[in-house]
Amino acid sequence: MDAEAHEETSEGWIERLTVERMVEPLAVAADRPVFGWTLTGTQDPVGYEIVVSDADGDIWASGAVHSPDHIDVPYAGTDLRPGERYGWRVRALTAQGRTPWVSSWFGTAPVRAGEWDAPWLVPQQPRTVRERYSIGDIVAGFAGPAEPPSLRLHPPRHVRQSIDLVDRPVRALLSASARGIYTAEINGHGLEQEVLAPGYDAYASRLSYQTYEVTDLLTAGRNVIGLTVADGWWAGRVGITGSSAPYGDQLAVTWRLQVQYADGRRQVLRAGDTEAHGQRGGHDYADLFIGERFDTRAVMPGWSSPGFPATGWAPVQVETSGLQQLTPFVGEPVVRTELIEPSVSVGDDGSVLLDAGQVLAGRLRVRLRAPRDAEVTFEHSEVLTADGSFFDNIVGPNKDQLDVLVCDGSPELLYEPVFTFHGFRYARISSSSAFELFDAQVVVLGSDLRPTTTLVTSDERINQLHRNIVWSQRGNFLSIPTDCPQRERAGWTGDFQIFTPTAATLADIRQFAARWLANVRAEQGSDGSVPTVVPVIPSMQSPGEPVVSAAAGWSDAIVMVPWALWQRCADRRVLQENYEAMRRWVDYQQQQAECALPERYPDDLDDDSRRRLSTMWNTGWQFGDWLAPSIVEQGLDPVQMAAPSVNSEVVAAMFHAHSTRLVAQVADVLGYTDQAEELYRRAETIREAFAQQYVSADGRLPLQLQGLYVLALAFELVPSELRQKMVIILKELIEARGGHLDTGFLSTPYLLDVLWDAGEHQLARDLLWQPTAPSWLYAVDHGATSVWESWEAVDRHGNPTRSSFNHYAFGCVDDWMLRRLGGIESLAPGYARVRVAPDAHGPLEWARTSVDTVRGALRCDWSASDGVIRLDLHVPPGVSAEIDLGTGVEVVGAGRHERAVSLCTVQQPSAAAATSAPLS
């Protein structure tokens, strides 16, 4: 079709223009950024046109591109200049004509990765006290600091530097970073766009810098750049051990300012160009885990203003080492995502208890009055005892989650911690002095990810479970994907691998995940091994404890996370960026398989067994199917983490086969035909060896554990003639547990799908709706507002345990609920083809589901009442939907589709009719 030969059509409209998957980003890091948009209407796209321009005019025009794909369209013009602002516009081509042009803009990062040209400013400061604790000592109750935080921690530091501008700029970009976490000010005005900058990275290899638009804050003549830096992840307490100074024991900041004047002149000013000075401010200390102590009596108003007398401030040192690690920040920053008005109750002792009504990651914002010198404390917890008493649910040293405000006697103080965050629902405010609380808000923090999915059903318990999962994702997607926002806050690779299919449906995580995967690649060993925690926390490893440099199901995140993003978002780039790392990982697995056998086998093992075993990676210390209930119940020594040894040999072999096949599929997608064929052959060899070594003639595995059968079936590791026998055994194992699941971290994501695809629909429903532990609804029935780490974190009498109440891993069930209950299942990458087959035969009477896909919004509303299934489906352009209400499959395209089918004519899909398993 010649686009110019057709008139504009008003049918359909372009929405949500993105560059690098973000709307109007200020500083994209990519040299060749990708464009995207979504469409409304009923006409499928057949092409598009894009035009990019700078201040002087158009610099690239794509012309009419005849392709229906509008996801991640790469820029193909001349090189983009750093620190510039560009406009762009796009229109879609359809069979009926062209849509109107729609315009947007984007900016480029001022400095490319590895080219940072401003030095570090290191203020005078005591070095961070290095504390080291072992996991074994923590579990045994032997670890803990001997002194209070005020004697161990040091104050954050202000750094100020004066600069002179010849005129008022028409555009100015401030870029900054820190060894620590920082806030920035210009001329007394804070930059409030984000918090906890620069975020968490694999600091030895990469450290992000942020860019801010600061034009309105600058003036001709004297200006002041001010930064305040605290310990953060760099020098503070992080990880399960609560050890300090994991990456360094000295704080520093760096910045550069790029300005443009009305006459076209440009100027770059940098840290260290003029003398800079440092001084402590109002904080006595600040730590991500411990909390902060803020003394309002020591505040210096206007310290970043030009007229401030910096008497007593000390010159800073200038350093130039480690600048090559600086790289533009990728993705969405950590921000204040929401303010919650908590309920307030006053205790007999005058303390105030705040209830946010929701377990979350964040902090308080309060207005209060107290006498001068009064200390007001803010304690945080995720749960109360059965009688409503405050309860500290977190185990381990330096997990205080305690903020202290020292008052100056002002009639009203507004206080929000700056350099910390907490995992909590409840906060207790107390003081030895009388105080008056005027107002309190709970500030929710998290990476600024766009929600993409809704699910509302006729069952409020299912709705609450879904909300719990969403909130656990929000609380743990904070700079990196963490396991919990209170005890560890670590980037456990297994947790994210398990949850990625759900996470990528609930929110647009493409850039968030891309940044984390860049850290994974940075941390990957020279031998191809992938750590179990990324960024690696050096202080987590203690002498005498097992070194876990790689583990099945955890390290496989380098393969399974990109694959899930490809399936959900048609993100081809994530496959390209990570393919080499994927290949190195499966090659590492193969090398490990060939060089060692499991210790339990005798030295005189027969040749056939030796050959089979050396085909599979099944050695080394592994986590296994972590937290499988029946294994936890055995009470194996948690200090030595013995429980995983029960099933780790078989689990490791399973993931070796699965990841190898997935990398083969990735090679196929990318067009690496020879590598794909090689990897397919390798995967088949592993699969055959697994079946011969671990599967008996009657379909039994060496251990009678639900999780092993689930994984064997999900990963297709057994001969087809034995699948039904394995399903029967799995059913028997579930029945033996009284109709309860007994799966761990690695197998739970596949449990319900394995049953559903085998035709065991009612058993899958029974497990989801099971009211007693272990089950998903047990937590809901016991007041959960997030996903628990332990199925019975609160016992049936309401007594809480000291564990995490915000671990998203078992929330992986939301992916199943959205597909089976909500009725929207992706059958091709990026929802290009979907299956709409809601479960109208189960307990639900109706459900309303929407998924804002990379192609546009899919909406499925269905109900089953009065003997009729009614469906109201909205399909965006570029998507085909297979509607299956039990009377046959109907394929439809873009637009609204309403259907009504009599229940008496409907047949439940059989096992043979099942079309897909979890995309991960």
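The structure is a predicted model in which local features require pLDDT of at least 70 and side-chain atom pairs count only at pLDDT 80 or more, whereas totals for chains, interfaces and linings use all residues. Residues are numbered from 1 along each chain as its sequence is written, and side-chain values use heavy atoms, with hydrogens and water left out.

Helices (H or I, at least four residues) and strands (E, at least two) were taken as DSSP runs numbered from the N terminus, and two strands were considered paired if DSSP finds at least two bridges between them. An open sheet is formed by three strands in the order E1-E2-E5, with antiparallel pairing. Its edge strands, E1 (13–19) and E5 (73–74), each pair on one side only. Five bridges join E1 to strand E2 (residues 34–40) in the antiparallel sense, and Trp13 stands opposite Thr40 in E2.

A further set of strand pairings involves strand E16 (residues 252–260). Eight of the nine residues of E16 are buried, and the strand is thus mostly covered; buried denotes under 20% relative accessible area, exposed over 50%, and partly exposed the range in between (1.4 Å probe, protein chains only). E16 pairs with strand E11 (residues 171–179) in the antiparallel sense over nine bridges, and with strand E17 (residues 266–270), also in the antiparallel sense, over five bridges. Gln258 takes part in both pairings: Gln258 in E16 is the bridge partner of Leu173, and Val268 in E17 is the bridge partner of Gln258. The hairpin of E16 and E17 has five residues between the strands, and in this hairpin Gly264 takes a positive phi near 95°. Arg265 lies over the face of Tyr261, at 5.1 Å from the ring centre; the criterion for a charge over a ring is NZ of Lys or CZ of Arg within 6 Å of the ring centre and within 35 degrees of the ring normal. Under this criterion, the charged end of Arg489 also sits over the ring of Phe421, 4.2 Å from its centre.

Nonpolar cores were defined as sets of buried Ala, Val, Leu, Ile, Met, Phe, Trp, Tyr and Cys residues joined through side-chain atoms within 4.5 Å. The largest such core has 209 residues, and Trp255 and Leu768 have the most contacts inside it. Helix H11 (residues 648–670) supplies the largest share of this core, 13 residues. Another core, of 25 residues, lies apart from it and includes Phe294, Leu360, Leu368 and Ala440.

In helix H16 (residues 761–768), six of the eight residues are buried, namely His761, Leu763, Ala764, Arg765, Leu767 and Leu768. These buried residues pack against helices H4 (460–476), H14 (723–736), H15 (748–757), H17 (776–781) and H18 (813–821), where contact means heavy atoms within 4.5 Å. In helix H13 (residues 706–714), eight of the nine residues are buried: Gln706, Gly707, Leu708, Tyr709, Val710, Leu711, Ala712 and Leu713. The buried residues of H13 pack against H11, H14 and H15. Glu716, which follows H13, has a positive phi near 55°.

A search of the whole structure finds 38 aromatic pairs. Rings of Phe, Tyr and Trp (its six-membered ring) were paired if their centres lie within 6.5 Å, with planes under 30 degrees apart counted as stacked, over 60 as edge-to-face and the rest as tilted. Tyr778 and Trp788 form an edge-to-face pair, 6.5 Å centre to centre with 80° between the planes. Because Tyr778 lies in helix H17 and Trp788 in the loop between H17 and H18, the pair ties together parts that are ten residues apart in sequence. Tyr778 is buried, with a relative accessible area of 5%, and Trp788 is buried at 6%. The rings of Trp788 and Phe805 have centres 5.5 Å apart and planes at 75°, so this pair is also edge-to-face. Trp788 and Phe805, both in the loop between H17 and H18, are 17 residues apart, and Phe805 is buried, with a relative accessible area of 3%. One aromatic cluster is formed by Phe477, Phe496, Phe499, Phe512, Trp516 and Tyr808.

The search for disulfides, defined as pairs of cysteine sulfur atoms within 2.5 Å, finds zero in the whole structure. For Cys569, the nearest cysteine sulfur is that of Cys812, 18 Å away. Cys569 is buried, with a relative accessible area of 5%, whereas Cys595 counts as exposed at 57% relative accessibility.
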